Amino acid sequence: MSSPAGPKRNANHLTTPPVDTKKPKNGSITSFFRPPKAKSAESKSTSTLSSSFNKQKWVASLTPEQRELLQLEIETLDESWLSQLKEELVTPEFLALKRFLQKEKQSGAKIFPPENEIYSWSRHTPLHKVKVVIVGQDPYHNDNQAHGLAFSVRPPTPAPPSLVNIYTGIKNDYPSFQRPPNKGGLLTIWAERGVLMLNTCLTVRAHQPASHSNKGWERFTQRAIDTVARVRSRGVVFLAWGTPAGKRVAGINRQKHSVLQSVHPSPLSASRGFFTNGHFKKCNEWLATRYGPDEVIDWSLTSGTKTSVPLATIQSPSAPAEKPADSVTKISDPQASNTPDRATQPMKSQTTDEFDDDVDALEALVAAETAS
């Protein structure tokens with residue numbers, strides 16, 4: 001796992017020991033992707049953007065209050081991201097967010113994910129390695145769940161219902177896909193392969209979903225998404241599931257990037273098109289066109305398997321044959337008649353706690369109740 005040294009801590013609300021303690025690897029984009037010569041221009045450009053950033057000089061330019069408020073960002077936000085987001089960090093809006101979080105800590109509130117993991121997404125997936133962006137929403141809000149990557153949980157916590165449904169979606173595209181043992185839900189291996197799993201909001205008060213929404217995180221993570229779209233000029237695949245995620249990618253240039261949209265994988269909405277959206281296969285088809293067949297995402301999570309060779313059709317015999325991947329795909333018809341067979345039905349959770357606050361689905365339920 002790649003991360004800088006752990007930050008100085010004065011966070012009594014942390015309930016788990018630090019786990020991201022290794023220094024990030026300094027491998028180049030070339031060594032990570034093994035790209036063809038045609039990619040050298042973008043590689044040099046991206047590397048230059050980061051290498052020209054003098055972190056020490058930037059930190060010295062901050063006021064004492066800014067240095068105090070931004071200590072976590074200085075120590076745990078990967079430098080490839082820090083170099084691009086530094087102007088956002090000193091805006092009045094972000095500093096106000098940091099003051100709010102500071103007050104939360106001082107009040108004794110328990111915050112998730114653990115402080116040293118809030119920016120783990122940046123360390124597992126440096127900016128120059130991003131090939132796919134999965135847009136999440138709110139972090140999981142119960143103990144031993146959130147660790148800084150959207151949809152991912154650390155063992156021994158079992159995969160939450162939405163992630164179980166994501167596994168079903170992958171299985172439909174790639175029948176060779178095997179679910180992790182022990183109902184696991186750790187997705188760091190995807191992050192290290194270039195899949196940025198970014199929640200729209202990066203913190204939450206324990207057991208209080210959406211408690212840190214509209215405090216400033218949304219603006220910051222939007223800047224991160226826009227930075228990917230700007231810097232990764234060769235093209236990135238954005239996977240936006242649910243209405244809130246769709247709004248986050250509304251401004252993405254569809255000529256340069258691929259944007260795949262559908263309903264959220266939550267049990268409340270997945271049956272309305274998620275299982276047959278073909279996003280994992282379409283993602284790889286697009287990456288193969290832009291980067292070459294060796295640069296697609298291996299979606300496997302178990303050793304000894306590889307899930308990256310697209311098949312002609314979805315596994316479910318009742319699902320329609322796949323059409324060629326478009327730059328934009330949106331599946332949201334709640335009346336869709338094609339449904340997966342029993343072999344591809346979503347697995348039922350063994351717990352009554354969804355710990356997956358699907359804003360899209362909840363909005364739909366409220367609208368339905370209002371209409372009735």
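Residues are numbered from 1 along each chain as its sequence is written, and side-chain values use heavy atoms, with hydrogens and water left out. Because the model is predicted, local features need pLDDT of at least 70 and side-chain atom pairs count only at pLDDT 80 or more, while totals for chains, interfaces and linings use all residues.

**Stop 1: Asp138**

Select Asp138 to begin. The unreviewed UniProt entry places the feature "active site" at this residue; UniProt positions are given in the numbering used here, feature names are shortened, and annotations may be inferred rather than shown by experiment. Asp138 lies in the loop that runs between strand E2 (132-136) and helix H9 (161-173). Helices (H or I, at least four residues) and strands (E, at least two) are DSSP runs, numbered from the N terminus.

Is Asp138 buried or exposed? Asp138 counts as buried because its relative accessibility is 16%; buried means under 20% relative accessible area, exposed over 50%, and partly exposed in between (1.4 Å probe, protein chains only).

Next, display the surroundings of Asp138. Leaving aside neighbours within four places in sequence, Asp138 is in contact (heavy atoms within 4.5 Å) with Asn199, Cys201, Thr203, Val204, Pro209, Ala210 and Ser213. From this list, select Ala210: its backbone nitrogen is reached by the side chain of Asp138 at 2.6 Å.

**Stop 2: Cys201 and Cys283**

Cys201, one of the residues in contact with Asp138, is buried, with a relative accessible area of 3%. Then select Cys283, which is buried at 0%. The structure holds zero disulfides, a disulfide being a pair of cysteine sulfur atoms within 2.5 Å.

**Stop 3: the loop between E2 and H9**

Return to the loop that holds Asp138 and select Phe151, which also has its place between E2 and H9. Phe151 is not a glycine, although it has a positive phi of about 75°. Its relative accessible area is 7%, so Phe151 is buried.

In the loop between E2 and H9, select Pro156 as well. The peptide bond leading from Pro155 to Pro156 is cis, with omega near 10°.

**Stop 4: Pro113**

Move to the loop between strand E1 (111-112) and helix H8 (120-124), where Pro113 has its place. The peptide bond from Phe112 to Pro113 is cis, and omega is near -5°.

**Stop 5: Lys183**

Finally, select Lys183, in the loop between H9 and helix H10 (188-192). Its phi is near 55°, a positive value in a residue other than glycine. At 47% relative accessibility, Lys183 counts as partly exposed.

Terms used. A polar contact is a pair of N or O atoms within 3.5 Å; within protein, one must be able to donate a hydrogen and the other to accept it, and residues adjacent in sequence count only if both atoms are side-chain atoms.
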